[in-house]
Amino acid sequence: MEPWHGLIHHYRGFLPVSDKTPVVTLGEGNTPLIRASRLNRELHPGVDLYFKYEGSNPSGSFKDRGMTCAISKAVEEGARAVICASTGNTSASAAAYAAKAGISTVVLIPEGQIALGKLAQAMIHGALVLQIRGNFDRALNIVKDIVARHPIALVNSINPFRIEGQKTAAFEICDQLGIAPLYHALPVGNAGNITAYWKGYREYNEAGRISTLPKMLGFQAAGAAPLVTGRPVESPETIASAIRIGNPASWKGALAARDESGGVIESVTDEEIIEAYTYLASKEGIFCEPASAASVAGVIKLSRRNFFSKGDGIVCTLTGGGLKDPDIAIRMSKDPVRVEADVSAVEELLRGCCI
Ligand SMILES: *Cc1c(COP(=O)(O)O)cnc(C)c1O
């Protein structure tokens, strides 16, 4: 098999790059599509369920797909610095790719609201990290004003190259399955990713690589569900910090994905998100971050309403890896058991459970 050189190399014909584009890659893409081993049977009435595990990207989230394109194009256009607003993963990814490219990164994050792993990444990659006293939506507005005045490249998903890179996840799924799934579920925050997937599926269909299109299922957190309620949320709240966004930049793209595909955008509560999150870790062996589990929470919720038919093919994108947010993992788990450094003391504890 051909070695993997990153998604720009692999899907070059579908991307806005030329021979002059200096490709900045960390080997992103080519992430596993994992077949469910229990949830597929537990979901009514029995479905064919897969997880697209984007935590396997170099910085641990799907943002790397967009960032390889956005940073490559920024370097091609002569940028010396990039800037973004972030709930965490965009800043981690931008900082990593900018470090690789040898340019500077500025990230604006909501103070005290981003997961520990993501903050650590932005810091160690050498970004200038600015914590604002305000939420993501406010940070994005500030960043837009800054790039209007200064020659700094914006690498949020309103940058069209981000969407271009992210659409390759849809290509990979079709390549891995051999067909398009019937349903594609994903968490929705700023709504760039659902927009990108839908673009990817349509382009693969137009290119004759697939003959059907999936119905897109988008899930927002109940406390941050502007696309469900139809109006921006002033103070979005959810445990899933990556989708704590009240006024999605790709609002129109998300609704187009829903309506053109015949899908739905619904909300899931924090309790449902955490239920899916712990289920994935304890029953499927997959550790994702809470926001990622919103896709699975949504599919569980729809299945309880008899939404699916037997054997329906469903792919859930798991957008980021679990180590991004160690605090929540620890909070949701049993504490480690203290024991003397002694064989019989350990045996005593194992009795009745595994010996
Ligand atoms: C960015 C992000 C999302 C939301 O994606 P949007 O494109 O903003 O809708 C979901 N999950 C994780 C882990 C993310 O980093």
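This is a predicted model: local features need pLDDT of at least 70, side-chain atom pairs count only at pLDDT 80 or more; totals for chains, interfaces and linings use all residues.
Which polar side-chain atom lies 2.7 Å from a nitrogen atom of the ligand?

1. Residues are numbered from 1 along each chain as its sequence is written, and side-chain values use heavy atoms, with hydrogens and water left out.

2. The atom in question belongs to Thr319. On the backbone side, an N or O atom of Ala191 lies 2.8 Å from a ligand oxygen, and one of Gly192 lies 3.2 Å from a ligand oxygen. The protein buries 97% of the 380 Å² that the ligand exposes when taken alone (Shrake-Rupley method, 1.4 Å probe).

3. Around the ligand there are 16 residues (each with a heavy atom within 4 Å of it). Lys63, Asn89, Asn190, Ala191 and Thr319 are the closest. The shell is made up of seven nonpolar, seven polar and two charged residues; Gly counts as polar in this grouping.

4. Turning to the cysteines, the whole structure has zero disulfides (pairs of cysteine sulfur atoms within 2.5 Å). For Cys288, the nearest cysteine sulfur is that of Cys316, 9.9 Å away. Cys288 counts as buried because its relative accessibility is 1%, and Cys316 counts as buried at 0% (buried means under 20% relative accessible area, with a 1.4 Å probe and protein chains only).

Terms used: A polar contact is a pair of N or O atoms within 3.5 Å; within protein, one must be able to donate a hydrogen and the other to accept it, and residues adjacent in sequence count only if both atoms are side-chain atoms. Buried means under 20% relative accessible area, exposed over 50%, partly exposed in between (1.4 Å probe, protein chains only).
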